[in-house]
Amino acid sequence: MAMELHHTFTVDAPPEATWALLTDLEQVGGCFPGATVTSATEEEFTGNVKVKLGPIGVTYQGEGRFVERDDEAHRAVIEGIGKGLRGLGNASARVVLQLEPEGSGTQADVVTSLTITGKPAQFGRGVMQTVSDKLLGQFVECIEGKLTS
Amino acid sequence: MIPPEFDYAAPATVAEALELLAEHGDEAKVLSGGQSLLPVLRMRLNAPGIIVDISRIEELKGVTEVGDAIRIGAGATYQDVLDSALVQEHLALLHTALKEVADEQIRHRGTVCGALAHADPAGDVGAPVLALEGRMVIQGPDGERTVDGADFFVDLFETAVGEGELLTAVEIPKHTGWGARYEKFVRVSHQWAIIGIAAAVRTEGGTIAEARVGLTNMGSTPLRARAVEEALVGQEATEEAVAQACAQVAEGTDPPSDLNGQADYRKHVAGVLTRRAVLAAAGA
Amino acid sequence: MTAVDDRPQAASTHEVGRDRRRKEDQRLITGRTKWTDNHVLPGMLHLAMVRSPLAHARITGIDTTAARQAPGVIAVLTGEDVKDLQGSLPCAWPITEDQKAPPHPAIAVDRVAFSGEVVAVVAARSSAAARDAAELVDVDYEDLPAALDLRASAKDDILAHPDLGTNRSATWVFDSAEAGTGSSVEDAIAAADVVVEREFRQQRLIPAFMEPRSTVVDPTGEQFVMWSATQVPHILRLMLAMTLGVDEGKIRVIAPDVGGGFGGKLQVTPEEIITFLVARHTGKPCKWTETRSESLLSAHHGRDQWQKLTLAAQADGTVTGLKVELLADMGAYLGLVTPGVPILGAFMYNSIYKFPAYHFSCTNVFTNKTWTDAYRGAGRPEATFAIERIMDELALELGRDPMEVREQNWITHEEFPFTTVCGLEYDSGNYEAATERAKELFGYDELRAEQQRRRESGDRVQLGLGISTFTEMCGLAPSRVLGSLNYGAGGWEHASVRMLPTGKVEVITGSSAHGQGHETAWSQIVADQLGVPFEDVEVLHGDTQISHKGLDTYGSRSLVVGGQAVINAAKKVIEKARPLAAYQLEANPDDLEFRDGKFTVKGAGADQEGVGLAGLALAVFAAHDLPEGMEPSLDADATFDPVNFSFPHGTHLCAMEVDTETGATTMRSYVCVDDIGNVVNPLIVEGQVHGGLVQGIAQALWEEAVYDDQGTLVSGSFVDYTLPTTADTINFVTDRTTSPATSNDLGVKGVGEAGCIASTPAVVNAVLDAIRQFGVKDIVMPCTPERVWRAIQDGTAGAMSETAGAAAGHFAEGEPNQDPPGAGAAPAAGTTQEGGQA
């Protein structure tokens with residue numbers, strides 16, 4: 001099951017300032033709902049994500065890193081791969097960030113996708129699809145919140 | 001299918017249950033009828049440290065009359081509620097909806113409050129309770145509070161019941177003499193609703209005086225179609241008038257897309273079934 | 001004599017044909033059962049499988065440390081541990097000489113090819129401990145692209161098995177001109193007045209037997225003993241020996257009570273191999289029992305084909321040729337008969353019709369999904385669906401009544417025996433009689449009138465009538481035919497009849513029942529043959545040490561092949577008893593006749609006592625006074641190999657109501673009149689027909705195995721794999737006409753699959769008949785309310801055009817028979833031309 005979310009928003013700060021924040025992996029990783037970043041460097045981070053939703057409670061452990069980072073063009077691709085505890089299957093996320101100047105501020109394009117395999121995807125009635133939608137929504141909202149506040 | 005190991009406690013009182021919840025925090029899961037929780041545990045999609053089984057708490061059992069409302073305790077099973085003469089007389093909509101819940105075996109185990117707390121938008125209980133303006137009674141370490149439907153249902157599987165709290169009852173105002181119909185749309189019997197429409201109508205000489213319409217599985221929570229309710233007031237209970245009033249029922253809803261139907265299909269069917277439910281409720 | 005005298009006299013020689021209650025049911029219904037999972041052995045370990053969550057991936061590492069250290073765990077085995085021991089799971093039916101297939105490991109070694117494939121197994125002291133520990137096995141995967149779509153996979157867009165170099169396993173062709181059984185299809189198409197070309201989708205189904213699969217292996221005796229919930233204990237024993245290199249004599253397989261199979265237990269499973277290996281490894285009895293989720297995910301699936309049919313006809317409706325081109329999804333591996341399943345349908349597309357030219361080709365394709373194999377009807381439901389759908393389409397093109405067009409083309413009852421365009425000889429049948437009776441029971445003309453009324457009044461609920469006139473080939477199978485199809489075994493069946501000293505009879509059959517009622521039916525047959533009471537017959541089966549020889553139960557073969565073996569063995573018993581009877585009666589053996597369980601002297605009058613079989617059995621047991629040279633035994637064995645298939649047929653009529661506002665469908669009535677030849681037990685036949693109907697109807701309306709874009713089975717529980725229950729069905733009207741089969745003494749044809757084969761097209765034809773008025777040409781199965789509703793919207797050109805975009809999800813490019821956007825409701829003739837030019 002793969003979900004994708006496109007989101008565009010503007011920030012009242014120039015791209016350079018925004019870029020620094022956006023490429024702080026601890027900040028970005030920590031924005032994922034239920035995530036705890038346990039270690040982070042310039043290039044990668046590790047952590048876990050607890051998805052709690054009504055009766056469901058599943059934990060993924062994983063790591064994330066830049067697969068692409070262009071500080072000039074203000075474009076970055078971050079990938080995170082989580083392994084579900086208790087044989088759940090895997091989840092992976094990919095975030096594509098692109099900043100463009102807009103007036104005195106910045107326009108940010110964020111494309112996030114989430115792929116879930118194994119038991120949660122089989123849960124039924126497409127519930128995990130709705131859940132993924134929600135998780136991605138909260139993630140992007142958090143990123144936007146951090147940049148615009 | 002075997003769930004992961006967990007501790008188990010069966011408190012005898014609400015106070016004891018709350019103590020256990022306070023002690024174990026998010027490691028605790030409340031078990032009532034178990035019809036939603038146990039499958040999840042057996043599919044190993046959760047592994048709580050402790051199960052707090054409230055099904056033996058006497059004070060939570062039963063269906064009683066409390067002034068102008070009917071109080072359904074957290075221990076009351078679907079079947080207890082179906083069998084209640086009070087519910088049959090005063091809450092026809094809830095009664096007709098509960099008949100559509102799953103199958104006989106599940107109705108003898110599952111509880112109405114359990115379903116509300118579970119907050120599955122495809123469950124058959126939320127929409128009628130919301131439409132009939134039920135109030136959820138929640139107890140916690142700081143005492144008791146009452147929450148109405150609009151505030152209770154927060155999101156998919158998410159309610160106003162906080163950590164350490166317990167939904168102990170739902171109180172639903174009497175709707176004596178109202179006609180009712182629950183239109184449940186499924187592909188095979190005993191399934192979750194693809195969508196469901198809960199309609200209660202009070203008529204005065206062929207004219208709709210008041211109407212209540214609740215929607216099942218048309219969004220991440222049960223929904224109440226207030227605009228439709230308002231549009232119905234004063235209408236003759238005729239096909240044409242009702243159809244017109246119900247036409248916009250899906251406006252603003254965000255139903256899911258899954259193997260049973262895409263969102264636009266659900267929206268379409270909601271319009272058809274709302275008309276049918278209201279007409280049936282109005283006895284037309 | 002009391003036991004005999006208690007029975008109604010009329011029944012004494014006429015057990016066959018009685019609606020006996022099944023003798024095994026009281027035990028089964030009251031729970032006194034011996035399912036495999038009920039077996040508990042001293043020191044037994046429990047197994048849990050670790051399964052791949054990914055459809056296609058390289059295994060880059062497996063860490064079993066935590067699992068090994070978990071409480072109660074005795075062993076954890078991975079593919080690496082067993083790679084030199086596990087062999088490759090057998091495929092007994094390579095359909096062509098050049099068929100390509102990857103090795104089929106029980107435990108994946110370095111690569112997984114479908115989601116649900118076993119990557120490790122945990123053995124522990126309890127099933128809970130095994131399950132807990134299985135979750136601690138830490139597997140690292142490197143994702144590989146997964147081949148998921150059947151059509152794309154046929155083009156090798158993504159390879160399901162990169163080492164194989166292609167996804168195409170084999171292409172099997174039958175051509176009537178080449179075989180000399182008919183003329184050329186291409187000529188027929190070129191010369192046709194009307195050419196109808198259609199594509200149909202056979203969705204993937206899952207055999208959802210009641211008892212999940214389970215296997216117990218006890219390695220502690222001289223023989224390895226395997227109990228398994230299998231349809232095929234004999235085949236399983238042979239295949240275990242061949243796959244694992246264990247002496248056949250050292251393996252005993254027992255299929256105890258087995259709760260249904262529907263083809264799903266016609267398999268040699270990875271889990272059977274694994275349980276065997278772990279039992280051997282640990283030296284302890286081991287048990288594996290699957291969960292329902294595991295069953296849906298990893299037990300073999302069924303159907304899953306694209307079918308393209310081209311039908312050529314004259315303007316008067318006479319069909320002149322049929323061309324069938326199939327793509328069949330094998331899934332990730334070849335199971336026991338996987339490649340042969342679509343080929344079983346090859347001889348059935350011409351069905352009951354006198355088509356002079358026929359061409360069939362099927363390409364088997366690998367994908368990264370659970371492998372497919374036998375599912376009730378195997379190949380024949382697919383064939384029946386396609387031909388019965390396209391016969392309706394032909395009628396539509398011609399503007400004729402669909403029954404009339406069928407009648408014009410079918411084999412009339414005077415024409416039997418009839419050799420078909422496939423070269424099969426249909427021995428008996430009467431399509432006219434079955435159809436006439438069905439129409440009468442259905443009220444065909446009245447329903448047509450009601451349909452007209454509803455159309456004219458624009459009723460929200462429209463009515464449609466669907467026809468399916470089907471035949472099938474049963475009684476699998478003449479060994480010679482199987483040989484010509486490259487199948488790895490014969491099609492005979494074995495039986496023994498043993499006379500016990502007390503006069504009771506033991507019948508041993510190689511047809512291993514798993515809910516069909518063999519115990520009852522075989523008792524009825526033997527009671528008649530030997531003139532012993534029904535109750536005195538004990539039927540034994542399913543244990544290779546008791547029933548040492550057999551080819552098991554599938555393909556509606558048990559009665560037609562196994563039943564005849566039982567009769568042959570019983571006849572041998574009588575012949576073995578004859579010299580002793582003659583000796584006792586002091587008569588010439590040739591002067592004796594055997595009736596109602598005793599030998600009498602011909603012409604010696606009705607009041608002679610004669611000698612009964614029970615007395616003879618006791619005399620043989622004592623062996624004190626036997627004729628000179630007589631072996632002291634009346635027991636007899638027989639192995640029967642049929643010379644031909646049997647060909648049940650029937651006419652099924654279905655009326656469906658369609659709520660045009662929601663697309664919801666409701667079955668109004670269903671009538672079937674089947675001709676299955678003579679009947680041993682009408683009650684068992686009713687059960688088979690009803691169950692089969694529901695299963696076929698379920699394909700039309702409800703069931704589908706759905707994978708997401710990652711190759712995860714998202715219909716992985718009964719929440720989404722919408723299996724119907726009794727609450728979803730109506731009362732069926734069933735009746736029978738009888739044209740006895742000529743291929744066996746009983747005149748029986750087999751009924752195990754009939755309902756499932758016939759019903760699917762009847763339902764879909766009915767749904768379409770209700771809504772063709774809106775321009776609808778086809779609906780993909782299952783006909784969900786949403787699909788029906790969208791079809792109505794799309795068909796009503798322009799009226800609801802805004803739904804077209806949203807409809808794309810279900811009627812995307814690549815779905816069958818969809819007009820390009822904007823084409824609207826093209827006139828039916830357009831399709832004809834298109835087909836004609838193709």
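This is a predicted model: local features need pLDDT of at least 70, side-chain atom pairs count only at pLDDT 80 or more; totals for chains, interfaces and linings use all residues.
Trainee: Which helix of chain B gives the largest share of the side that touches chain C?

Mentor: In this contact, 16 residues of chain B meet 24 residues of chain C. The side of chain B that touches chain C divides into ten nonpolar, four polar and two charged residues. Its largest share, four residues, comes from residues 263-281 of chain B, that is, helix α12.

Trainee: Within chain B, which element gives the largest share of the side of domain 1 that touches domain 2?

Mentor: The domain assignment of chain B gives domain 1 (1-176) and domain 2 (179-281), and 25 Å separate their centres, taken over C-alpha atoms. The contact takes 21 residues from domain 1 of chain B and 21 residues from domain 2 of chain B. On the side of domain 1, the elements that give two or more residues are α5 (92-98), α8 (126-131) and β8 (153-155) of chain B. The largest share, five residues, comes from α8(B).

Trainee: How are the residues of that side of domain 1 of chain B divided by class?

Mentor: The side in question is the one on which domain 1 of chain B touches domain 2 of chain B. Its residues divide into three polar, four charged and 14 nonpolar.

Trainee: Turning to chain C, what radius of gyration does the chain have, and what would a compact globule have?

Mentor: Chain C has 25 helices and 28 strands, and its C-alpha trace spans about 90 × 75 × 50 Å along its principal axes. With 838 residues, a compact globule would have a radius of gyration near 28 Å. Chain C agrees with this, at 28 Å.

Trainee: What percentage of the residues of chain C count as buried?

Mentor: A residue is buried if 20 or more other C-beta atoms lie within 10 Å of its own. Among contacts in chain C between residues at least 6 apart in sequence, 79% join residues at least 24 apart. Of the 838 residues of chain C, the buried part is 58%.

Trainee: Why does C:Val121 count as buried?

Mentor: C:Val121 is found in strand β5 (residues 118-124) of chain C. Leaving aside neighbours up to four places away in sequence, C:Val121 touches C:Leu47, C:Met49, C:Val50, C:Leu77, C:Ile107, C:Ile274 and C:Val278. The cut-off for a buried residue is 20 or more other C-beta atoms within 10 Å. C:Val121 counts as buried because its C-beta neighbours inside 10 Å number 30.

Trainee: How far apart in space are C:Val121 and C:His56?

Mentor: In sequence, C:Val121 and C:His56 are 65 residues apart. In space, C-alpha to C-alpha, their separation is 19 Å.

Trainee: Which element gives the most to the side of domain 1 of chain C that touches domain 2 of chain C?

Mentor: Chain C is divided into domain 1 (2-32 + 492-640) and domain 2 (441-468 + 648-838). Their contact joins 19 residues of domain 1 to 15 residues of domain 2. On the side of domain 1, α18 (518-530) and α19 of chain C are the elements that give two or more residues. The most, five residues, comes from α19(C).

Trainee: Which residue just after α20(C) takes a positive phi?

Mentor: Helix α20 (residues 613-622) of chain C has as its buried residues C:Leu613, C:Ala614, C:Leu616, C:Ala617, C:Ala619 and C:Val620. What covers these buried residues includes β19 (493-499), α18, α19, β23 (598-601) and β24 (611-612) of chain C. Just after α20(C), a positive phi of about 60 degrees is taken by C:Ala623.

Notes: Residues are numbered from 1 along each chain as its sequence is written. Chains are lettered from A and ligands numbered from 1 in the order in which they are written. The radius of gyration is taken over C-alpha atoms; the globule rule is 2.2 Å times the number of residues to the power 0.38. A residue is buried if 20 or more other C-beta atoms lie within 10 Å of its own, exposed if 12 or fewer, and partly exposed in between; C-beta atoms are placed from the backbone. Two residues are in contact if their C-beta atoms, placed from the backbone, lie within 7 Å. Ala, Val, Leu, Ile, Met, Phe, Trp, Tyr, Cys and Pro count as nonpolar, Asp, Glu, Lys and Arg as charged, and the others, Gly among them, as polar. Domain bounds come from an automatic or database domain assignment.
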